[in-house]
Amino acid sequence: MKKYISFFRLRFSMELQYRAAALAGVATQFFWGAMEILMFRAFYRTNPGAFPMTLQATCAYVWLQQAFLALFVTWVLENEIFDSILNGNIAYELCRPVNIYNMWFSRNLAMRISGAVLRCIPILLFAAFLPAPYGLMAPAGLTNFFLFFLTLLLGVGVTVAFCMLVYMLCFFTISPMGLRIVTVSMVEFLSGGIIPLPFLPDGVKQIIELLPFASMQNVPLRIYSGDLTGGGTLRALLLQVFWLCILVAAGKILDALAMKKVTVQGG
Amino acid sequence: MKLYGKFFMIHLKSIMQYKTSFLLSCLGQFLVSFNLFLGIYFMFRRFSQVEGFTYSEVLLCCGITLLEFSLAEAFARGFDTFGSIVSRGEFDRILVRPRNEIFQVLGSRIELSRIGRVLQAIVMFIYGIRASHIHWTLTKAAAVALMLLGGAVVFSGFFVIYASICFFTIEGLEFMNIFTDGAREYGKYPVSIYGKKVLQLCTFVIPYALIQYYPLLYLLDTGEAYYALLPLAACLFMLPCLVLWKIGVRHYVSSGS
Amino acid sequence: MITMQDVCKTYKVSKRDAGFSSAFKALFHKEYELIHALDGVSFTIRDGEMVGYIGPNGAGKSSTIKILSGILTPEEGTCLIDGLTPWKNRIEHVKNIGVVFGQRTQLWWDVPVLDSFELLKEIYRIDAHAYRRNLEQLTDMLGLSGLLQTPTRQLSLGQRMRCEIAASLLHDPKILFLDEPTIGLDAVSKLAVRDFILRLNAEKKTTVILTTHDMQDIEALTSRIILIGRGHILLDGNLTDIKEGFASTDEGLASFYQSHNL
């Protein structure tokens, strides 16, 4: 456990070093959020009746999405890991007395959390002071807030576990780049990164909500604003736990297979 | 021109060395912008129009913006990746050659994999044209050509600004994405839907509306005739960018960073 | 003819200490340090001369080369190369010089070397006849015949350096700057490069200015050396000035550096 914490600290102080980049990131994400909201406002004005969420919940969704961007985006996969698999440097990693899956999992987690912690505060603060309904409202209730936190953590877990699958699959494919491109753009849409999932038409929506991708950012962001309540929350929470277990188990199996492959074939 | 042809051939030959990787990045470009399309598609499954624009009109707009951006990115990629050119010392090499620096930077990177996005843009564009019942005339075709020209120039202008800042600092340049990737991303809808203030900003401060919204109105027969010529005015945006570039080069030569 | 007169160049470097609190402080207030890279440097190099320009790391060698090649503008002093001031008449000036940066490549990585050469032909506007003649000559002198069809990335370091040198000479420059041309090369390649430089200087009367840390390069190539340290020219003479009384040039140089606290 200690080595994972020290890795986290290292990442964090690195992030601090690049504070100009962090600042620029905040500005960019703030702009992104504002434009996104202006776009939704245009649709809302045109036909409020067709809106599947309240405008306020949509805005909260957008701001939280921007604030916690680093937690959920899949395009920040670590190039280092891809390279080490491709060029065989992975052999060095195998020499260390740690399990590859656990190490990469915690590395990835550390990277996401340290990236988000610094950036989320200014964005959340800014958004909180914007006038309703365009700003970030207070959470719908204390329970919502608690559940938001819980599902946020589970969501990050599912995201990382999914990324681990991509890494692990790289051991078995000759073209990790292709795999990466396809998964990244697919996940972005299916997880609600382009438009929130409630905006999808019925039928499509119900199916997508069952997929592991819906257990990433979709759940916490909608719980916060009270868009997801009651039985829906429970179902989403259980789905998150379910997918986390499945993805981690699948990753572990692939990990074992990959290690066998590497040690037999020499990388 | 002959020199640019040579640059182009060299890039083509380089790509041929890595065919799979090239095809994959084309695919990547296609998929990334396909998400853009999906976003529009599903919004219009729910809403029939937005601020007076229909689905096909928005697709037309999105296709044109995407084309403008892809053209700029394909040919001005050297400026877009200028940070690495400076940090790897390649700019020194450019300076010891007896040709204009801008021209050499343009030639140093030509990103042909953007063809993936261009294809996507063309498909949207054609669908938009066919479905939006525009009565096409020669002048309208010319207006589209002007839009593409003006758009490519404006986006390239932002790449040049980005590159000029690289001479001073490479920290925190991420915010420039707002003007390039951000404009591409949100240029999928006509600028006016984002509200009056954004429209004014994009008319008078940064000329995005001049290459997108106004000429689009002309194409849809709801705008004045002179709107078609506004992309030409937008090209003037390049002038301050080039001044900034000159200042950057002068700084580089005097500080040798 | 190259003349440099009292050239000064100062850099402003932002100071940054390690540690959390100083990183935080730097957010609001930056401290700068002035570094005098060149402090009144003067020398003259005649046409056809071969000069070794040496000094410890950070002494100002690369600043000088950059000024001579027009990439850097000094604050003070004058520099005339065949009647032109490099940083004022850059484009005009660089037509007459060739530069080899030992650590970087100017060849396109993924295409055959010949394609890079063809591009340089366009960049320098070399006419077809002169290009063919130069290419033949260089191919012959550097032994490139088998290499020109190979992509750069497949060449060994020694092969690449030879192509690199050829690339810098296609336009028949009067002056050649070589920045560590033998770094990382094996013995055979080193000898080949040195041999070529000697022949180039003898046959074409090209002025050669060479920076290197390899004293064998200097011994093999140049009689005159200019030694720079902390922005000052400490010695402008020949090898014997350093070597005298020592077993090897390296020892002589080390003792010279020590006596000047470099």
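**Exercise 1.** In this predicted model, work out which residues of α2(C) are buried.

*Solution.* Start by going through the helix, residues 61-68 of chain C. Buried means under 20% relative accessible area. The residues that pass are C:K61, C:S63, C:T64, C:I65, C:K66, C:I67 and C:L68. That's seven of the eight, so α2(C) is largely enclosed by the rest of the structure. Now step past the end of the helix: C:G70 follows, with a positive phi near 85°.

**Exercise 2.** Describe how α2(A) packs against α3(A).

*Solution.* Two packed helices are described by the angle between their axes and the distance between the axes. Here the axes of α2 (residues 19-46) and α3 (residues 55-67) of chain A come within 9 Å and cross at roughly 160°. Angles over 145 degrees count as roughly antiparallel, so that's the label for α2(A) relative to α3(A). The crossing is right-handed. Next, who touches whom? On the α2(A) side, the contact residues include A:F30, A:W32, A:I37 and A:F40, while α3(A) brings A:L55, A:V62 and A:W63, among others. Sorted by class, this contact has 10 nonpolar, four polar and one charged residues.

Methods. Residues are numbered from 1 along each chain as its sequence is written. Chains are lettered from A and ligands numbered from 1 in the order in which they are written. This is a predicted model: local features need pLDDT of at least 70, side-chain atom pairs count only at pLDDT 80 or more; totals for chains, interfaces and linings use all residues. Side-chain values use heavy atoms; hydrogens and water are left out. Buried means under 20% relative accessible area, exposed over 50%, partly exposed in between (1.4 Å probe, protein chains only). Helices (H or I, at least four residues) and strands (E, at least two) are DSSP runs, numbered from the N terminus. Axes are lines fitted to C-alpha atoms, for helices over the stretch in contact, and angles run from 0 to 180 degrees between N-to-C directions. Angles under 35 degrees count as roughly parallel, over 145 as roughly antiparallel, 65 to 115 as roughly perpendicular and the rest as oblique. A crossing is left-handed if the near helix is turned anticlockwise from the far one by less than a right angle, and right-handed if clockwise. Contact means heavy atoms within 4.5 Å. Ala, Val, Leu, Ile, Met, Phe, Trp, Tyr, Cys and Pro count as nonpolar, Asp, Glu, Lys and Arg as charged, and the others, Gly among them, as polar.
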